[in-house]
Amino acid sequence: MNVNDLNQSEKAQYKEVASELRCLVCQNQSLADSHASLAVDLKEKIAEQIRAGKTSEEIKSYMQDRYGEFVIYKPAYSVENAALWLGPFVVLVIAIFMARKVVRTSKVRPTQEAQSKNADKAWAEELYKRSSKTR
């Protein structure tokens, strides 16, 4: 089955489905963008199923059953992949917390340094007074 044999609405469905499925060889490309031989075979299978009257969901389900959830670019929410969906937000919250802590620490540090300088100055003055009394 060739893509050119599809009518306009079937071609639109073909492009939609091919762009939502991952190339199993290239991994960072959709089937629509890939020219790998396996991607070409899968695109022909998509066209064949569209011609048979299957919906986009049925085609994606077929591909998922055959190649696993990895083939779907945007996997469904589930307990198994919750870490993938929530992980970036958890990392963002941790980064914000650490940034706030660093900012607070940097604000406190000059005050501590100023107190240390004042203590050194007072110690030096006290030492000078003692030495001038002994003369």
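Here is a chat about the helices and a few selected residues of this predicted model.

User: Hi! Before we get going, is this an experimental or a predicted model?

Analyst: Hi! This is a predicted model.

User: Good to know. Let's start with helix packing. At what angle do α1 and α2 cross?

Analyst: Their axes cross at roughly 135 degrees and come within 10 Å. Helix α1 covers residues 8-20.

User: And is that crossing right-handed or left-handed?

Analyst: Right-handed, with α1 passing α2. The helix α1 side of the contact is made by E10, Q13, Y14, V17 and A18, and the α2 side by K43, I46, A47, I50 and R51.

User: How many nonpolar, polar and charged residues does that contact have?

Analyst: The contact of α1 with α2 has 6 nonpolar residues, 1 polar and 3 charged.

User: Nice. Moving on to α2 and α3, what is the crossing angle there?

Analyst: Roughly 140 degrees, and the two axes come within 10 Å. Helix α2 runs over residues 37-51, while α3 takes in residues 56-67.

User: Why do you call α2 and α3 oblique to each other?

Analyst: An angle has to be over 145 degrees to count as roughly antiparallel, and α2 and α3 cross at roughly 140 degrees, so they are oblique to each other.

User: Got it. What is the handedness of the α2 and α3 crossing, and which residues meet?

Analyst: The crossing of α2 and α3 is right-handed. From α2 you have L42, K45, I46, Q49 and I50, and they meet I59, Y62, M63, R66 and Y67 in α3. By class, the residues of this contact divide into 7 nonpolar, 1 polar and 2 charged.

User: That leaves α1 with α3. What are the angle and the axis distance?

Analyst: Helices α1 and α3 pack at about 35 degrees, and their axes are 10 Å apart. Here too α1 makes a right-handed crossing, this time passing α3. On the α1 side the contact is made by Q13, E16, V17 and E20, and on the α3 side by S56, I59 and K60. Those residues divide into 2 nonpolar, 2 polar and 3 charged.

User: What does K60 touch, beyond its sequence neighbours?

Analyst: Not counting residues up to four places away in sequence, K60 touches V17, E20, L21 and I72. V17 and E20 are also among the α1 residues in the contact with α3.

User: Switching to the loops. Where is S30, and is it buried or exposed?

Analyst: S30 is found in the loop between α1 and α2. S30 is buried, with a relative accessible area of 5%.

User: Which residues is S30 in contact with?

Analyst: Leaving aside neighbours within four places in sequence, S30 is in contact with A18, S19, L21, R22, C23 and Y73.

User: And how about D33?

Analyst: D33 lies in the loop between α1 and α2. At 47% relative accessibility, D33 counts as partly exposed. The C-alpha atoms of D33 and C23 are separated by 8.4 Å, and these residues are 10 apart along the chain.

User: What about K54, where does it sit?

Analyst: K54 lies in the loop between α2 and α3. At 36% relative accessibility, K54 counts as partly exposed. K54 touches Q13, Q49 and I59, not counting residues up to four places away in sequence.

User: Last one. Where does UniProt place a transmembrane region?

Analyst: The UniProt entry, which is unreviewed, places the feature "transmembrane region" at residues 82-99. In the model, that span is 100% helix and 0% strand, and its end C-alpha atoms lie 26 Å apart.

Notes
Residues numbered from 1 in each chain as written. Predicted model: local features only at pLDDT ≥ 70, side-chain atom pairs only at ≥ 80, totals over all residues. Heavy atoms only, no water. Helix = DSSP H or I, 4+ residues; strand = E, 2+ residues; numbered from the N terminus. Contact = heavy atoms within 4.5 Å. UniProt positions renumbered as here; feature names shortened; annotations may be inferred. Axes fitted to C-alpha atoms, helices over the stretch in contact; angles between N-to-C directions. Parallel < 35°, antiparallel > 145°, perpendicular 65-115°, else oblique. Left-handed = near helix turned anticlockwise from the far one by under 90°. Nonpolar A, V, L, I, M, F, W, Y, C, P; charged D, E, K, R; others polar. Buried < 20%, exposed > 50% of the residue type's maximum accessible area, 1.4 Å probe, protein only.
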